[in-house]
Amino acid sequence: MSVSTRRVRAIFRKELREYRRNGSIVSTMAIIPLIFILYPMIDVFALPTSASIPLEHRDFLLYLLGIPAIVPAVVAAYSVVGERQQGTLEPLLTTPIRREEFLLGKALAALVPSLVMSYAVYVFFLACVELFARPGIASTLLRGPELFAQLLFTPLLAGWSIWVGIAISARSSDFRVAQQLGMLASLPSVAVTSLIALNVIHATLGLALGLAAALLVLDGLGWRVVSAMFDRERLMTGTR
Amino acid sequence: MSSERLAVPDGKRGAPALSVRSLSKRFGDRVAFQDVSFEIGYGEVFGFLGPNGAGKTTTVRTLGTLIAPTSGSATVAGIPLTPEKGVEIRRRISIMPESPGLYLRLSVIENLECFADLYEVPDANDRIDRALHAVNLADRALDACGTLSKGLRQRAALARALLSDPEILFLDEPTSGLDPLATRDVHELIAALGQRGVTIFLTTHRLEEAERLCDRVAILNTALRTIGRPDELREQLFAKTLTVRTLVPLPEPGRVFAGLPAVDGWRQDGPATYVLAVSESAAAAPAVTRALVAAGADVLSISESHHSLEDVYLELIDEDEEADQR
């Protein structure tokens with residue numbers, strides 16, 4: 001099967017145009033990162049310099065991985081059921097687009113803004129810490145391995161959340177239910193990153209590589225599995 | 001999309017644009033449509049009529065590869081209707097669903113750009129421009145679709161359907177919910193497309209629409225009830241009649257009407273009104289006029305009875321309802 005980049009791009013571009021003009025999607029994308037950045041910010045700026053020693057055992061930045069885990073899941077959960085509810089799915093599916101192309105376009109359109117948002121929040125957080133936190137705190141928090149983990153796990157987690165979100169969307173008949181389920185489905189990822197951040201699960205290089213490899217495989221499988229689940233007839237008629 | 005009359009696609013001269021053989025679709029125990037067979041030639045405007053729930057939209061979705069048939073076979077634009085051929089079929093056809101399904105936050109041109117890319121049309125800007133002009137919407141191209149009236153949205157959806165220069169254009173209830181003025185606009189557009197040789201499959205339950213626009217019509221009520229040109233269907237279903245009105249009742253109508261050429265029988269339909277069953281109106285009318293004058297009758301009118309497509313439709317659907325009640 002060959003994938004038409006032009007058709008994938010058509011969906012991607014259309015989605016981005018819709019996001020820009022849809023206040024609820026923009027606010028969803030903005031509010032969740034705010035929630036995730038609030039606690040680390042308060043915590044870091046309230047700490048005295050003497051707190052830098054216990055901080056060495058906490059992977060503070062990993063809290064922020066909740067952003068790529070939740071934001072794309074919520075956006076992706078709208079992707080298919082939203083089209084269905086506004087009556088735009090049928091005209092789309094009558095075009096020569098393959099389901100794999102349709103889903104890839106949808107996934108990229110959820111991935112790119114989520115990555116931009118996540119990395120922007122990291123940069124903002126790091127800049128605030130570097131500029132305004134007490135010197136001892138800043139040097140304890142800004143560690144190479146953690147920064148690398150952020151860079152690596154942000155797209156991998158987002159990818160997984162997106163495929164789960166689209167799978168839910170393709171099976172739902174109401175977008176509010178789909179978004180709630182999408183949010184719930186992303187909680188296990190948030191739980192794992194939180195447990196690592198709190199050092200309940202001890203972060204090691206082996207664990208990081210193992211998780212990354214597992215997410216990479218799941219992301220690849222996600223596209224195939226969700227494509228197989230995507231049933232034009234069921235989406236059109238609500239049967240099967 | 002060109003301004004001149006479209007030709008039959010290369011290599012398809014003589015082949016039907018659509019050929020359907022015993023096609024059926026069931027959803028569990030519910031029959032959507034069954035045992036439907038027909039053929040449509042290239043350049044034909046074909047009306048698919050039926051009451052709500054008759055299976056019209058499901059037939060269109062099946063032929064458009066959105067739904068798999070339960071049994072039967074079809075070729076669409078010369079391609080067998082199979083799951084593997086879905087992309088190939090959808091490349092050659094265009095479907096305008098009952099609801100326009102436009103992205104209301106995007107402008108008309110942004111909607112068309114998206115679909116031009118989905119159909120991978122060459123010279124997309126040129127095609128979009130021509131499609132907008134074809135539906136007289138060029139001046140609203142930059143407006144958000146959400147700001148357009150229902151009629152203008154329908155035009156935008158039609159422009160979208162024309163982008164790919166389809167071999168077959170499926171229009172599903174294109175005037176549903178439109179006011180008379182917008183309906184007239186859409187009718188004019190469809191008529192213009194028909195004149196340009198676009199093969200059109202038009203589903204509707206507006207009978208005057210089908211009568212005005214279609215070369216042939218089929219009436220579906222889960223099963224196909226009849227198919228043919230509107231005038232053929234009228235002749236098949238209703239005997240030709242002449243209605244004669246006189247000033248006063250004829251003293252001996254039997255003597256006046258008996259033995260006249262092309263008159264097969266007569267009945268009285270009111271004090272001074274007579275309905276004559278005729279085999280050929282053009283032959284019967286002068287003979288009847290002469291006979292009435294010879295009998296000294298004061299003739300008010302002699303008129304040919306006209307049965308509309310609506311009469312045909314109602315007759316067939318009533319038959320179905322009566323059969324269901326039995």
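User: How many bridges join strand β11 and β14 of chain B, and in which sense do they pair?

Analyst: This model is predicted. Strand β11 of chain B covers residues 241-246. One residue pair to look at is B:Leu242, which stands opposite B:Glu304 in β14(B). The two strands pair in the antiparallel sense, over five bridges.

User: What is the strand order of the open sheet in chain B?

Analyst: The sheet has four strands, with antiparallel pairing. Its edge strands are β12 (263-268) and β14 (299-304) of chain B, since each pairs on one side only. The twist from one strand to the next averages 20 degrees. The order is β12-β13-β11-β14.

User: Which helix packs on the sheet, and what angle does its direction make with that of β11(B)?

Analyst: The helix is α10 of chain B, residues 281-294. It touches β11, β12, β13 and β14 of chain B. Its direction and that of β11(B) make an angle of about 20 degrees.

User: What distance separates the centres of the two domains of chain B?

Analyst: The domain assignment gives domain 1 as 16-234 and domain 2 as 239-304. The centres are taken over C-alpha atoms. They are separated by 46 Å.

User: What percentage of the residues of chain B count as buried?

Analyst: A residue is buried if 20 or more other C-beta atoms lie within 10 Å of its own. Chain B has 326 residues. Those that count as buried make up 43%.

User: Now chain A. Why do the buried residues of α10(A) line one face of the helix?

Analyst: Helix α10 of chain A spans residues 187-197, and its buried residues are A:Ser189, A:Val190, A:Thr193, A:Ile196 and A:Ala197. Seen down the helix axis, they fall within one arc, so they line one face. On the other side, A:Pro188 and A:Ala191 are exposed.

User: Which helices do the buried residues of α10(A) pack against?

Analyst: Both partners belong to chain A. One covers 66-85 and the other 144-171. They are α4 and α8.

User: Which element gives the largest share of the side of chain A that touches chain B?

Analyst: The contact takes 25 residues from chain A and 23 residues from chain B. On the chain A side, α1 (5-21), α5 (89-93) and α12 (232-237) give two or more residues. The largest share is eight residues, and it comes from α1(A).

User: How many residues on that side of chain A are charged?

Analyst: The side of chain A that touches chain B has six nonpolar residues and eight polar ones. The charged residues number 11.

How values were computed. Residues are numbered from 1 along each chain as its sequence is written. Chains are lettered from A and ligands numbered from 1 in the order in which they are written. This is a predicted model: local features need pLDDT of at least 70, side-chain atom pairs count only at pLDDT 80 or more; totals for chains, interfaces and linings use all residues. Two residues are in contact if their C-beta atoms, placed from the backbone, lie within 7 Å. Ala, Val, Leu, Ile, Met, Phe, Trp, Tyr, Cys and Pro count as nonpolar, Asp, Glu, Lys and Arg as charged, and the others, Gly among them, as polar. A residue is buried if 20 or more other C-beta atoms lie within 10 Å of its own, exposed if 12 or fewer, and partly exposed in between; C-beta atoms are placed from the backbone. The arc is that of the directions from the helix axis to the C-beta atoms. Domain bounds come from an automatic or database domain assignment. Two strands pair if DSSP finds at least two bridges between them. Axes are lines fitted to C-alpha atoms, for helices over the stretch in contact, and angles run from 0 to 180 degrees between N-to-C directions.
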